[in-house]
Amino acid sequence: MSEPIRLGVLVSGGGTNLQAILDAIREERLPARVVFVGSDNPEAKGLDRARACGVPTFVVPYREILRRFAHDPPQARPPEDFSLAEARARQRLRSEGGDPQRLDRFLASRAAAEAELLAAMRPFPFDLLVLAGFMRILSPYFIDRVNAGRNPPRIMNIHPALLPAFPGTDGYGDTFRYGCKVAGCTVHFVDYGEDTGPIIGQRAFPIEEGDTLETVRRKGLEQEWRLYPECIRLFAEGRLRTERRVWELAGGRRERTVVVIAPPAAPGAG
Ligand code: GRF
């Protein structure tokens, strides 16, 4: 098995995906160790799961930081190394028709919270940052500082739908209400958009007569607990890279960054 990689994990809630990762490590299905678990929510049950395994934890009080920004703008400043022009140019979060001032405030206030997040992570060097139900959008300020131009990138997320269908916070709910006959989950690298990054792995399951939103969520989570450790393992084995693909089609040029998965190393190689 390859050398264990160091995982940083961010959670906001129950942390069942974090638990699945910790279990996969314990059962030697995943060559990794979790070096920290951070949260924006002091009540996150995922923090207890981490502590129970002796993993260091921290909380970055997003709500307070963002409130300070909303109510006390002269006091609240983005970090010194934040460039609004750069963040605006890179972000893919909002349509251009949106309110530019709101977008600027959003980018500056996120950077303020993210500077604290980066500071909290600094004592714990890591190879991969795993978002496991972390309910905050990460802005280009944070993403660029974590990735620093690496390929593969090093922030992974799990989403409760078969992307690119149903981005946003309620993937299983949106899938179920739409009347889909298949639901699923997706692990992807994080890019500058919301749930738009290059896809690493997906798992699907049928929605049957008699299923409810509750049963779809439960089946979905069970798939997530298998998929996330598998995708992290591919990263640990050095088998993931991203590639820019360009297609010239009759309707115009299409471009997309995709994940390419290398075959497993031959036994005895390396
Ligand atoms: C999961 O459904 C995941 O896809 C989404 O948030 C949920 C987190 O669940 N991003 P848990 O905290 O891991 O139990």
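Modeller: A salt bridge here is a side-chain nitrogen of Lys or Arg within 4 Å of a carboxyl oxygen of Asp or Glu. The model is predicted, so local features need pLDDT of at least 70 and side-chain atom pairs count only at pLDDT 80 or more, while totals for chains, interfaces and linings use all residues. Residues are numbered from 1 along each chain as its sequence is written, and side-chain values use heavy atoms, with hydrogens and water left out.

Colleague: Which residue meets Arg 245 in a salt bridge?

Modeller: The N to O distance of this pair is 3.1 Å. Arg 245 is partly exposed at 33% relative accessibility (partly exposed lies between buried, under 20% relative accessible area, and exposed, over 50%; 1.4 Å probe, protein chains only). Its partner, also partly exposed at 37%, is Glu 243.

Colleague: How many residues apart are Arg 136 and Asp 40?

Modeller: The closest N and O atoms of their salt bridge are 2.8 Å apart. Arg 136 sits in the loop between strand 4 (128-131) and helix 6 (140-147), and Asp 40 in the loop between strand 2 (32-39) and helix 2 (45-52). Helices (H or I, at least four residues) and strands (E, at least two) are DSSP runs, numbered from the N terminus.

Colleague: Which helix do the buried residues of helix 3 pack against?

Modeller: Those residues are Tyr 62, Ile 65, Leu 66 and Phe 69. They lie on the same side of helix 3 because they cover an arc of only 95 degrees, taken from the directions from the helix axis to the C-beta atoms. By contact (heavy atoms within 4.5 Å), they pack against helix 5 (100-121).
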